Each structure stands twice: as C-alpha cells, then as structure tokens.
Amino acid sequence: MLAHNQSLITSAILTEIRPWGKFEVFLDAPDVKVKRITINPNSRLSYQYHEKRSEIWTVVSGVLTIILEDNKLFRGKGQSVRIPQGDRHRAWNETDSPVIFIEVQSGTYFGEDDIIRIEDDYSRN
C-alpha cells in the first residue's frame, strides 16, 4: 500500500528485434512517439520515407551514417539530424560497434505501416 505522498510508476517498454538490430518504444502518444534504436555493427535500415511524420535523430553512442535525400551525413554522440516528412532516408552503422540513437517522431500517424521502402537489404516491402 502506498502512503499519501507516494506514487507508483510503472512502464512497459515495447522492444522489437529487427534483422539490423532493435528498437524500444519509450513513449507512444497521439502527438509524438519516442524510440531508442540500436543498429548492429555493419548493418543498416531500409532506404525509406514517411508520408505522415517527420523525425529527429540524436546519437547516444557510436557514429551514425545517415543517407538523407542521397546525401551522406555523419553524426556522433550528442549530435542530431532532422528528417523532414517525405524525405528519403536511411540509418546506417558502418562501424564495428553498435550505434544507438533516439528517434523522436512528430506528425499525424506513427504506425510501422507508414514506412515506404525504396531499398531494403532484407527483402522487406
């Protein structure tokens, strides 16, 4: 039983394993979704875009390679990149250590079915 001035905080973090690593959903609200994404060494996500959301990625550890509208960018710990809605993009780990970044999604819809894949190493649609 909790005392008058105490609160109980519970949370369930959804973790999904993917061929390239994993993501953990920290917040899934009507106006924002926040994930921690871990990319395995020498792996990459699909080259893709979203019709209903934009994203901001902030690197927590490692060096993230980003393909954004066919431009190759690099971000290290504490650095961010903005992915505008509709822009083609890919997160890529070209190193021998895991890369971790925080993804903040904003827009009108955050479902995994708002991923339009242009190219995918794992033959997903």
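What share of the contacts between residues at least 6 apart in sequence join residues at least 24 apart? I looked this up for the protein chain, and the share is 66%. I note that the model is a predicted one.

**Entry 1: the chain as a whole**

I looked up the secondary structure and found twelve strands and zero helices in the protein chain. Read along the sequence, the pattern is therefore β-β-β-β-β-β-β-β-β-β-β-β. I took the extent of the C-alpha trace along its principal axes, and it spans about 55 × 35 × 25 Å. The accessible surface comes to about 7400 Å², and carbon and sulfur atoms account for 51% of that surface. Of the 125 residues in the protein chain, 36% are buried. I also looked up the charges: there are 16 positive and 18 negative side chains. The centres of these two sets lie 3 Å apart.

**Entry 2: the open sheet**

I followed the strand order in the sheet. Six strands form an open sheet, ordered E1-E2-E3-E11-E6-E9, with antiparallel pairing. Strand E1 (14-18) and strand E9 (80-83) are at the edges and have a single partner strand each, so one side of each is left without a neighbour in the sheet. From one strand to the next, the twist averages 20 degrees.

**Entry 3: E6 and its partners**

I then looked at strand E6, residues 53-61. With strand E11, residues 99-107, E6 pairs in the antiparallel sense over eight bridges. Ser61 has Ile100 as its bridge partner in E11. The pairing of E6 with E9 is also antiparallel and runs over four bridges. Here Thr58 stands opposite Ser80 in E9.

**Entry 4: the faces of E9**

Which side chains of E9 are buried? I found that the side chains alternate along this strand. Val81 and Ile83 point to one face and are buried.

**Entry 5: the loop between E7 and E8**

I checked two residues in the loop between strand E7 (64-68) and strand E8 (71-75), starting with Glu69. Glu69 is not a glycine, yet has a positive phi of about 50 degrees. Its relative accessibility is 29%, so Glu69 counts as partly exposed. Asp70 lies in the loop between E7 and E8 as well. Phi of Asp70 is near 70 degrees, again a positive value in a residue other than glycine. Asp70 counts as exposed because its relative accessible area is 52%, and the cut-off for exposed is over 50%.

Key: Residues are numbered from 1 along each chain as its sequence is written. This is a predicted model: local features need pLDDT of at least 70, side-chain atom pairs count only at pLDDT 80 or more; totals for chains, interfaces and linings use all residues. Side-chain values use heavy atoms; hydrogens and water are left out. Two strands pair if DSSP finds at least two bridges between them. Axes are lines fitted to C-alpha atoms, for helices over the stretch in contact, and angles run from 0 to 180 degrees between N-to-C directions. Buried means under 20% relative accessible area, exposed over 50%, partly exposed in between (1.4 Å probe, protein chains only). Contact means heavy atoms within 4.5 Å. Accessible areas come from the Shrake-Rupley method with a 1.4 Å probe; for residues, only the protein chains shown count as cover. Lys and Arg count as positive and Asp and Glu as negative; His and the chain ends are not counted. The place of a charge is taken as NZ of Lys, CZ of Arg, CG of Asp or CD of Glu.
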